[in-house]
Amino acid sequence: MIQRPQHIAHPMAPVLTTARLLLRMPRYEDFAHRQAFYASDRAIWEGGPFARDEAWRIFASEVGQWPLMGFGPFSVDLDGTYVGEVGIYQPQGYPEPELGWFVVDGAEGKGIATEAARAVMVWAHDSFGWDHIDNYIDPGNARSIALGLRLGGVIVDAPGVDPGDVVIRHDLRAAI
Amino acid sequence: MTQAFAIPVLETPRLTLRAPAMVDFSAYAAFMATSRTSGMGGPYNEWQAWGIFCHDTACWALFGHGALMIDRRDTGETVGQVGINAGPLFPETELGWLLYEGHEGQGFATEAARALLDWAFSALPLHSLVSYTDPENLASQAVARRLGAVIDPGAPVKDEGDIVWRHHRRAT
């Protein structure tokens, strides 16, 4: 099992940069994109679609993980424009901190989530010493499963959140 | 670029107000599961309580104001929470408070809310903010009155039937 850090070194997201992307603390203006995503059919794999109030509760509660846990969502900018979110999430009921991602409509298929997820995994390993991190993915969400596997993850028999979740484990000890 | 935020620690004669932490969640969830939260839309199950706990903490990062836990300085005991909320769930920037079972009737909510209100008016560009009370929650209405708030009959409500109390920046 990987554990939450005892000491909170990061009460907000640090800035991480990759070849194309800038990862940063979420801000209020990012919510409009999450609201649009949650209102769409793409949100069915997250238990949606959700109306605005429920989308806000989810967005805000994830942001609140930073001061409470020292990890959470990173908003992802490409050329100064918000294109999605990659982060580490552990709401009530999650067996371990989980790696998750979301890319806005129109920014898919460019390797954005892959590039951002690699940066977050390196950061998590360096910051917390975790040897692995898992994704919990609905078995119908083929696109996310493919991304998890493309990142080098392997499907393991471990507890997820909902019954039937596909759990994909990433080995953080390997050079990423 | 991301703006840094800092969660303040506020001291009053009897209380310390400080950032929520994971260790606070079990007592908070226990309180939220009781009928004492019926005036604020409860009772809430653990999952709902988690969402609200995180949301109210996240407001610090998203708006520069948010929730603080209330600790007694003499015993160190956590007796409740006070907070300033905003976002789509609130028609206006809102000051709220709650006290855990057994800590009512000692003026803790008023003392904590007064400290947060004073902080807000000095740290934030606000001219006024509001509190929503359930018409049956006489204790909370008494707190609002002691804080110097006045009923604003024209203000939009959060929940049907709410009384809206308006806090104005005090003349200095």
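Biologist: Which hand does the crossing of H1(B) and H2(B) have?
Modeller: A crossing is called left-handed if the near helix is turned anticlockwise from the far one by less than a right angle, and right-handed if clockwise; in this predicted model, the crossing of H1(B) and H2(B) is right-handed. Helices here are DSSP runs of H or I with at least four residues, strands are runs of E with at least two, and both are numbered from the N terminus. Residues are numbered from 1 along each chain as its sequence is written, while chains are lettered from A and ligands numbered from 1 in the order in which they are written. Because the model is predicted, local features need pLDDT of at least 70 and side-chain atom pairs count only at pLDDT 80 or more, whereas totals for chains, interfaces and linings use all residues.

Biologist: At what angle do the axes of H1(B) and H2(B) cross?
Modeller: Two packed helices are described by the angle between their axes and the distance between the axes. Axes are lines fitted to C-alpha atoms, for helices over the stretch in contact, and angles run from 0 to 180 degrees between N-to-C directions. The axes of H1(B) and H2(B) cross at roughly 120 degrees and come within 9 Å. That makes H1(B) oblique to H2(B), given that angles under 35 degrees count as roughly parallel, over 145 as roughly antiparallel, 65 to 115 as roughly perpendicular and the rest as oblique. Phe25(B), Tyr28(B), Ala29(B) and Met32(B) of H1(B) make the contact with Glu46(B), Ala49(B) and Phe53(B) of H2(B), where contact requires C-beta atoms, placed from the backbone, to lie within 7 Å.

Biologist: How do H1(A) and H2(A) pack?
Modeller: The axes of H1(A) and H2(A) are 9 Å apart, and the packing angle is about 125 degrees, so these two helices are oblique to each other. H1(A) passes H2(A) in a right-handed crossing. On H1(A) the contact is made by Phe31(A), Arg34(A), Gln35(A) and Tyr38(A), and on H2(A) by Arg52(A), Ala55(A), Trp56(A) and Phe59(A).

Biologist: Which residues of H1 in chain A are buried?
Modeller: A residue is buried if 20 or more other C-beta atoms lie within 10 Å of its own, exposed if 12 or fewer, and partly exposed in between. In H1 of chain A, residues 31–39, the buried ones are Phe31(A), His33(A), Arg34(A), Phe37(A) and Tyr38(A). Seen down the axis of H1(A), they fall within an arc of 155 degrees, so they line one face of the helix; the arc is that of the directions from the helix axis to the C-beta atoms. Their cover includes H2, strand S4 (81–89) and strand S5 (98–103) of chain A.

Biologist: Where do backbone angles deserve a second look?
Modeller: Most residues other than glycine have a negative phi, and most peptide bonds are trans. The peptide bond from Gly48(A) to Pro49(A) is cis, with omega near 0 degrees, and Pro49(A) lies in the loop between H1 and H2 of chain A. The bond from Gly42(B) to Pro43(B) is cis as well, with omega near 0 degrees, and Pro43(B) is in the loop between H1 (25–32) and H2 (46–63) of chain B. Asp79(A), a residue other than glycine, has a positive phi near 50 degrees.

Conventions. Contact = placed C-beta atoms within 7 Å.
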